[in-house]
Amino acid sequence: MIALLEDGALETLLNQVGGDTSLRHRFLRDFVALWPSRAERLAESLARPDLEEAHVVLLSIRSTSTMVGAVVLEATAALVHSALSRNDLPGCLQHMPRLVEVGEATCAELAVLTTRAEDAERAQKARQEHQGQQQAQHEQQSHFGDRAVPPQRWEFPAPHAH
């Protein structure tokens, strides 16, 4: 099986969005959610034919595919784009089934990877919160010695007047 995604694609995208994991996940979810409409827009623009619209859609597919590391999808879209640049409509249409197939498979893989990454980040956050609670308990116990409660105050009787 051919790897649909470049190794380290999620880490690269994370760097591109400034280390913001929620932004990375949103971008990936949007990429997956938008794939059907992009593929449909491309198919419709080729059927009309509206080559300018097809060009715009292919640029969108190629640039976002590059950002998420979808190397096979980008390469397949490049084949369609190359045929389009030669005004070879039959060539474009010839590559469309493969483009749709690769796009769907890529989106399925990205959806799984995104879910795994989100789950791992939630688990890490829960571990950090648990460690923080343990640290706070430890500090409280250390503050009061080995006792879990503060020491009682010593009461001295008031001095007697002679």
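Me: Why does Asp-50 count as partly exposed?
Reply: Asp-50 has a relative accessibility of 29%. Buried means under 20% relative accessible area, exposed means over 50%, and partly exposed lies in between (1.4 Å probe, protein chains only). The 29% of Asp-50 falls in between, so the residue is partly exposed. This is a predicted model: local features need pLDDT of at least 70, side-chain atom pairs count only at pLDDT 80 or more, and totals for chains, interfaces and linings use all residues. Residues are numbered from 1 along each chain as its sequence is written, and side-chain values use heavy atoms, leaving out hydrogens and water.

Me: What makes the link between Arg-48 and Asp-50 a salt bridge?
Reply: The closest N and O atoms of the two residues are 3.4 Å apart. A salt bridge needs a side-chain nitrogen of Lys or Arg within 4 Å of a carboxyl oxygen of Asp or Glu. The 3.4 Å passes, so the pair qualifies. Arg-48 itself counts as exposed, because its relative accessibility is 51%. Nine salt bridges are found in the structure.

Me: How do you know that Glu-121 and Arg-24 link distant parts of the chain?
Reply: Glu-121 sits in helix H5 and Arg-24 in helix H2, 97 residues apart. Helices here are DSSP runs (H or I, at least four residues), numbered from the N terminus. The side chains of Glu-121 and Arg-24 meet at 2.8 Å, N to O, in a salt bridge. Side chains of opposite charge can pair when their charged atoms come close.

Me: What meets in a salt bridge with Arg-29?
Reply: Glu-118 does, at 2.3 Å, N to O. This pair also joins helix H2, which holds Arg-29, to helix H5, which holds Glu-118; they are 89 residues apart. Glu-118 counts as buried because its relative accessibility is 17%. Arg-29 has 42%, so it is partly exposed.

Me: How do you know that Arg-38 has no salt bridge?
Reply: The nearest side chain of opposite charge, Asp-30, is 8.3 Å away. Lys and Arg count as positive, Asp and Glu as negative; His and the chain ends are not counted. Beyond residues up to four places away in sequence, Arg-38 touches Phe-31, Val-57, Ser-60, Ile-61 and Thr-64 (contact means heavy atoms within 4.5 Å).

Me: Why is Cys-92 called buried?
Reply: Cys-92 has a relative accessibility of 0%, so it counts as buried. The residue lies in helix H5. Leaving aside neighbours within four places in sequence, Cys-92 is in contact with Leu-46, Val-80, Ala-83 and Leu-84. Leu-46 is 46 residues from Cys-92 in sequence, with 7.7 Å between their C-alpha atoms.

Me: Why is Leu-5 called buried?
Reply: Its relative accessible area is 9%, so Leu-5 is buried. Leu-5 is placed in the segment before H1. Residues it touches include Val-68, Val-71, Thr-106 and Leu-113, not counting those up to four places away in sequence.

Me: Which residues touch the most other members of the largest nonpolar core?
Reply: Trp-35, Leu-42, Leu-46, Ile-61, Val-68, Leu-73 and Leu-99 do, in a core of 30 residues. Helices H1, H2, H3, H4 and H5 each supply at least two of its residues. A nonpolar core is a set of buried Ala, Val, Leu, Ile, Met, Phe, Trp, Tyr and Cys residues joined through side-chain atoms within 4.5 Å. Leu-42 is in contact with Ala-54, Val-57, Leu-58, Ile-61, Met-96 and Leu-99, its neighbours within four places in sequence aside.
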